[in-house]
Amino acid sequence: MQPCTFHTNSPLIIFKRNLDETLESVLKREQTQFLEFAATGELRVKSNDTFSASQSQTLNSLTIPTRCYAVEFNDESVTITATK
């Protein structure tokens with residue numbers, strides 16, 4: 001493991017939250033927007049096609065690079081900053 005570094009110009013995203021919402025439920029609700037944020041800069045897509053006489057099958061995998069995030073969690077919002 002390597003320590004995470006923080007840059008003042010790091011990208012960030014802010015989600016509104018209800019008082020009773022956990023971070024997990026906020027991320028589930030905002031899943032698409034968070035994935036777009038996390039994939040900024042580098043995203044890997046791998047596609048594997050398999051064919052047989054009776055059917056074809058496609059398996060797509062989406063890989064987002066490992067990053068560190070700083071999370072500020074308060075009563076009204078969640079701010080997530082990519083730190084690395």
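In this predicted model, strands β1 and β5 run antiparallel and are joined by 5 bridges. Within this pairing, F15 stands opposite V78 in β5.

**The sheet**

Strand β5 is also joined to β4, again by 5 bridges and with the strands antiparallel. One of the residue pairs here is E72 with T79, the latter being the bridge partner in β5. The link from β4 to β5 is a hairpin through 3 residues.

Taken together, 3 strands make an open sheet with the order β1-β5-β4 and antiparallel pairing. Each of β1 and β4 has a single partner strand and stands at an edge, so one side of each has no neighbour in the sheet. On average, neighbouring strands of this sheet are turned by 15° against each other, direction ignored. In general, the strands of a sheet pair through backbone hydrogen bonds, in either a parallel or an antiparallel way.

The two pairings are set out below.

| Strand pair | Bridges | Direction | A facing pair |
|---|---|---|---|
| β1 and β5 | 5 bridges | antiparallel | F15 and V78 |
| β4 and β5 | 5 bridges | antiparallel | E72 and T79 |

**The helix over the sheet**

Helix α2 covers residues 31-38, and its buried residues are F34, F37 and A38. Viewed down the axis of α2, these buried residues fall within an arc of 95°, so they line one face of the helix. An α-helix has 3.6 residues a turn, so residues three or four places apart point the same way. The other side of α2 holds T32 and E36, which are exposed.

What do the buried residues of α2 pack against? Their partners are β1 (12-16), α1 (23-29), β4 (69-73) and β5 (77-82). The helix α2 lies across β1, β4 and β5, and runs at about 170° to β1.

T66 belongs to the loop between β3 (56-63) and β4. Is T66 buried or exposed? T66 has a relative accessible area of 77%, and exposed means over 50%, so T66 counts as exposed. Along the chain, T66 and T79 are 13 residues apart, and their C-alpha atoms are separated by 19 Å. T79 is the residue in β5 that was named above as the bridge partner of E72.

How values were computed:
Residues are numbered from 1 along each chain as its sequence is written. This is a predicted model: local features need pLDDT of at least 70, side-chain atom pairs count only at pLDDT 80 or more; totals for chains, interfaces and linings use all residues. Side-chain values use heavy atoms; hydrogens and water are left out. Buried means under 20% relative accessible area, exposed over 50%, partly exposed in between (1.4 Å probe, protein chains only). Helices (H or I, at least four residues) and strands (E, at least two) are DSSP runs, numbered from the N terminus. The arc is that of the directions from the helix axis to the C-beta atoms. Contact means heavy atoms within 4.5 Å. Two strands pair if DSSP finds at least two bridges between them. Axes are lines fitted to C-alpha atoms, for helices over the stretch in contact, and angles run from 0 to 180 degrees between N-to-C directions.
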